[in-house]
Amino acid sequence: MTDYGEEQRNELEAIESIYPDSFTLLSEKPTSFTITVTSDAGGNEETVEVTLKFTYVEKYPDEPPLWEIFSQENLEDSDTEDILTLLKQQAEENLGMVMIFTLVTAVQEKLNEIIDQLKNRREEEKLRKETEAEEAEKRAFQGTVVTIENFLSWKARFEQEMIELKKKRQKEEEQPGKGKLTGKQLFETDHNLDTSDIQFLEDVGNSVEVDESLFQDMDDLDLEEDDPDFNPLDLGSDED
């Protein structure tokens, strides 16, 4: 006949020595205790943690112990459900043998998987944000890619704007007093026009320079001014 009490006492003593810092005895009848299980450190030294509560039943280990999640840190609800499912599976596989160490070890491995998944998710999220930022920067640098659809849309808007602009100009031209001024009206409107020609002649006159050297040899010429038949053009014809 199996002495369940002795097996339970022996296992409890072994568990307390294996997990001295995380083991806490809650009661002796029935025997109930907690073991805190912590994952290995992940990114940024982050960890996940769960405290498991076990209670021996009378015929343990031929019957599985009772268990529950006493507390947890950084775990999602789906993670706690996975842990409870894992405990049930491991207990069924180890009936007839003391199993607390096996159950705790399985949960420890599960927590390490969770922290690895969490690390991977955060790295993927970081990569996704970096990719989105790079794509946004490329779009800002390259501008909008021209496609048939957006070109036709732009063309329609442009043509509509031209039609509205033309209508606006026509409306302005049709308003009274908005016609073009005649030359006479411009002359009467701008009083500077009536003095512009005079000012031009004065400016030109002041800017004319006379080269006096052209007339220095005129005194050497024997001009017969008293001869009524004298013609200066005949001077050139005599040389011929």
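The largest pocket of this predicted model holds about 220 Å³ of space, a pocket being an open set of points on a 1 Å grid over the protein atoms alone, where a 1.4 Å probe fits, with protein on both sides within 12 Å along at least five of seven lines. Of the 13 residues that line this pocket, Q8, E28, P30, T31 and Y56 are the closest to its centre, and a lining residue has an atom within 4 Å of a point. Helix α1 gives the most to the lining, with four residues, and the lining as a whole divides into five nonpolar, four polar and four charged residues.

The sheet is open and has four strands in the order β1-β2-β3-β4, with antiparallel pairing; strands are DSSP runs of E of at least two residues, helices runs of H or I of at least four, and two strands pair if DSSP finds at least two bridges between them. Because β1 (23-28) and β4 (66-73) stand at the edges with a single partner strand each, one side of each is left without a neighbour in the sheet. Strand β3 (residues 49-55) pairs with β4 over seven bridges, and T51 stands opposite S71 in β4.

Helix α1 (residues 4-18) packs on the sheet and touches β1 and β2 (31-38), whereas helix α2 (residues 77-93) packs on the sheet by touching β3 and β4; contact means heavy atoms within 4.5 Å.

Residues are numbered from 1 along each chain as its sequence is written, and side-chain values use heavy atoms, with hydrogens and water left out. In this predicted model local features need pLDDT of at least 70 and side-chain atom pairs count only at pLDDT 80 or more, while totals for chains, interfaces and linings use all residues.

Technical notes: Axes fitted to C-alpha atoms, helices over the stretch in contact; angles between N-to-C directions. Points joined across faces, edges and corners; volume = space filled by probe spheres on them. Nonpolar A, V, L, I, M, F, W, Y, C, P; charged D, E, K, R; others polar.
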